[in-house]
Amino acid sequence: MSDDPTDTPGTPGGPRPEPLRFFGTTWVDHDGGYGPRRAGLAVGALAAAVAGAFLLRFAYEGLAIARVGGFANGLVVAMFAVCTAIAFQRTWSGFTRRPADPAREEALRSLKAIGFVGTLVAYGLRCLVEAPGEKLVRGEYETARARYEKRRGTRAGNPAARARTKRRRRP
């Protein structure tokens, strides 16, 4: 038996679409509250990003009250800025292509956690365009459907019977 989900025995109509977080398989036909869910998630993610930015601002003010020094303050600001930028870029590119090295993406998980504001902004902005990751899984799903339809179209009857028919025609 194959590990390919498109070859699942008993699957009527071929491959099944991959469910997306918060959307399930509603992205296929844009039904089941897809539009309002996308809008709600966009607003929620951007609101969470704003709340996270305020949280970081309060943390910075705590450092200022503690008088840890200008160098430490600058280091903290630079660290959050760099982590946020990297998290945004990695999250945004993750919506359009699979990671080439999943182990490296796993290693960057803590960096994305530190730059959570960038991740939330990327998710919120992507929700304004489509369900995050929809373009990627739609391309894979349509490719799998085309491959399935091609396989189904080329199967016509019993191949052994065709071989016998060809042998009989030859003199």
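Helix 2 (residues 70-94) and helix 5 (residues 116-129) have axes that come within 7 Å and cross at roughly 35°. Axes here are lines fitted to C-alpha atoms over the stretch in contact, with angles from 0 to 180 degrees between N-to-C directions. Helices are DSSP runs (H or I, at least four residues), numbered from the N terminus.

This is a predicted model: local features need pLDDT of at least 70, side-chain atom pairs count only at pLDDT 80 or more, and totals for chains, interfaces and linings use all residues. Residues are numbered from 1 along each chain as its sequence is written, and side-chain values use heavy atoms, leaving out hydrogens and water.

**Helix 2 with helix 5**
- This crossing is right-handed (the near helix is turned clockwise from the far one by less than a right angle).

**Helix 1 with helix 5**
- The axes of helix 1 (residues 34-66) and helix 5 come within 8 Å and cross at roughly 160°.
- That makes the two helices roughly antiparallel (angles over 145 degrees).
- Their contact includes R38, L41 and A42 of helix 1, and F116, V117 and L120 of helix 5.

**Helix 5 itself**
- Its 14 residues should span 20 Å at 1.5 Å a residue, and its end C-alpha atoms are 20 Å apart, which agrees (the expected span is 1.5 Å times one less than the number of residues).
- Buried residues in helix 5 include V117, G118 and A122 (under 20% relative accessible area, 1.4 Å probe, protein chains only).

Definitions and conventions. Parallel < 35°, antiparallel > 145°, perpendicular 65-115°, else oblique. Contact = heavy atoms within 4.5 Å. Buried < 20%, exposed > 50% of the residue type's maximum accessible area, 1.4 Å probe, protein only.
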